[in-house]
Amino acid sequence: MDDRRRGGATRGDSLRALVDRVAGWMDALPGEERAVGLAVVDPPVVRAAVAHALGAGPAGAWRVDVAPLTLAVLTGHGGRWNLRSLGAAGCVPPIREPGPDRPH
């Protein structure tokens, strides 16, 4: 979510505006089955993304503790998002795509 030319994640948005902006970005990602991607963002954006994935709204964003270099793994399918894991980088198991020997 490279929005630095418009002021970035901390451009003074209200919490509602930030969650709405992050939700719009997430939901606009292409494909029915969201591809694995990487977004390097500020902690408030991680909070907003997790809150959106959980349907927790802006109030829920402040209930998510995000340390520097936190790795959030979110998956999307069928128009909804899920939180797969949230933790320090290096402590989260690798994403293994489902296959014949690894069902969902």
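Predicted model: local features only at pLDDT ≥ 70, side-chain atom pairs only at ≥ 80, totals over all residues.

Reply: A strand, as the word is used here, is a DSSP run of E with at least two residues, numbered from the N terminus.

Strand β1 covers residues 70-77 and strand β2 covers residues 80-88. The two strands pair in the antiparallel sense, over 8 bridges. One of the residue pairs can be named: T75 has N82 in β2 as its bridge partner. Between the strands of this hairpin there are 2 residues, and G78 takes a positive phi near 60 degrees.

T70 itself can be described through its surroundings. Its side chain reaches the backbone oxygen of A67 at 2.5 Å, a distance that falls within the 3.5 Å cut-off for a polar contact between N or O atoms. When residues up to four places away in sequence are not counted, T70 touches L86 and G87. Both lie within the range of residues 80-88 that forms strand β2.

As to the setting, the protein chain contains 3 helices and 2 strands, and along the sequence they follow the pattern α-α-α-β-β. Of the 104 residues in the protein chain, 28% are buried. The chain exposes about 6900 Å², with carbon and sulfur atoms supplying 56% of that area. Among contacts between residues at least 6 apart in sequence, 45% join residues at least 24 apart.

How values were computed: Residues numbered from 1 in each chain as written. Heavy atoms only, no water. Helix = DSSP H or I, 4+ residues; strand = E, 2+ residues; numbered from the N terminus. Buried < 20%, exposed > 50% of the residue type's maximum accessible area, 1.4 Å probe, protein only. Contact = heavy atoms within 4.5 Å. Areas by Shrake-Rupley, 256 points an atom, 1.4 Å probe, with all protein chains shown as cover. Pairing = 2+ DSSP bridges. Polar contact = N/O pair within 3.5 Å; in protein donor to acceptor, adjacent residues only side chain to side chain.
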